[in-house]
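Keep the structure in view as you read.

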Amino acid sequence: MNHIKVLTSDQAFAPQEIASLVKDPSAGAVSTYSGFVRGKSGDKDISYVSFEGDPEVMEARMLEMAQEVRQKWDLIHIAMYHRIGRIPAGEESGMIAISSPHRKDSIQAIDYLVDQMKMRLRGENKKYESVA
């Protein structure tokens with residue numbers, strides 16, 4: 001059975017655990033994307049990003065996005081994780097893992113999801129703090 005797993009949390013995560021959620025004997029590919037908080041934005045030093053979104057709203061948006069990619073590409077399993085709260089520079093802020101019979105489907109789906117998450121969840125990204 002194909003499944004979709006979406007999760008938000010204020011805790012760091014283990015990328016290998018997220019990737020393991022999508023493994024399947026029928027998969028020819030497991031593609032992953034990890035997003036990190038950059039330590040610089042232009043010429044400004046960044047110490048952390050704060051994502052202040054409502055976890056239920058964010059998860060609902062993520063589920064909608066996952067259902068969209070399932071309609072566009074031949075995918076097996078999808079896992080999406082996004083951290084909330086204060087995330088220090090250099091740490092992972094989110095991850096997407098997708099299994100598919102062929103690599104192109106999962107790679108294209110991840111590319112689409114990254115763009116969609118940046119657009120649809122950006123309103124939840126409340127502030128950047130500069131290092132003094």
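This is a predicted model: local features need pLDDT of at least 70, side-chain atom pairs count only at pLDDT 80 or more; totals for chains, interfaces and linings use all residues.

## A strand covered on both faces

Strand β5 has cover on both of its faces: His77, Ala79, Tyr81 and Arg83 are buried on one side, and Ile78, Met80 and His82 are buried on the other. Buried here means under 20% relative accessible area, while exposed means over 50% and partly exposed lies in between, using a 1.4 Å probe and protein chains only.

Residues are numbered from 1 along each chain as its sequence is written, and side-chain values use heavy atoms, with hydrogens and water left out.

## The strands beside it

Which strands pair with β5? Strand β1 (residues 4-9) runs parallel to β5 and is joined to it by six bridges. Strand β7 is also joined to β5 by six bridges, but these two run antiparallel. Strands count as paired if DSSP finds at least two bridges between them. To find these pairings in the model, look for Ser9 opposite Arg83 in β5, and for Ala79 opposite Ala97 in β7.

Ser9 belongs to strand β1. Ser9 counts as buried because its relative accessibility is 16%. Leaving out residues up to four places away in sequence, Ser9 touches Tyr81, His82, Arg83 and Ile84; contact means heavy atoms within 4.5 Å. A polar atom of the Ser9 side chain also lies 3.0 Å from the backbone nitrogen of Gln11.

## Two nonpolar cores

The largest nonpolar core has 19 residues, and Met80, Ile96 and Ile98 have the most contacts inside it. Two or more residues of this core come from each of α2 (55-72), β5 (77-83), β7 (92-100) and α3 (103-120). A nonpolar core is a set of buried Ala, Val, Leu, Ile, Met, Phe, Trp, Tyr and Cys residues joined through side-chain atoms within 4.5 Å. A second, separate core has eight residues, including Phe13, Ile18, Ala19 and Ala97.

Beyond neighbours within four places in sequence, the contacts of Met80 include Val6, Leu7, Met62, Ile96 and Leu113. Ile98 sits in strand β7 and is buried, with a relative accessible area of 0%. Again setting aside neighbours within four places, Ile98 is in contact with residues including Val22, Val30, Ile78, Ile110 and Leu113.

## The whole protein

How many helices and strands are there? The protein has three helices and eight strands, in the order β-α-β-β-β-α-β-β-β-α-β from the N terminus. Helices (H or I, at least four residues) and strands (E, at least two) are DSSP runs, numbered from the N terminus.

Along its principal axes, the C-alpha trace spans about 50 × 25 × 25 Å. Of the 132 residues, 42% count as buried. Among contacts with a separation of 6 or more, 79% are between residues 24 or more positions apart.

Notes
A polar contact is a pair of N or O atoms within 3.5 Å; within protein, one must be able to donate a hydrogen and the other to accept it, and residues adjacent in sequence count only if both atoms are side-chain atoms.
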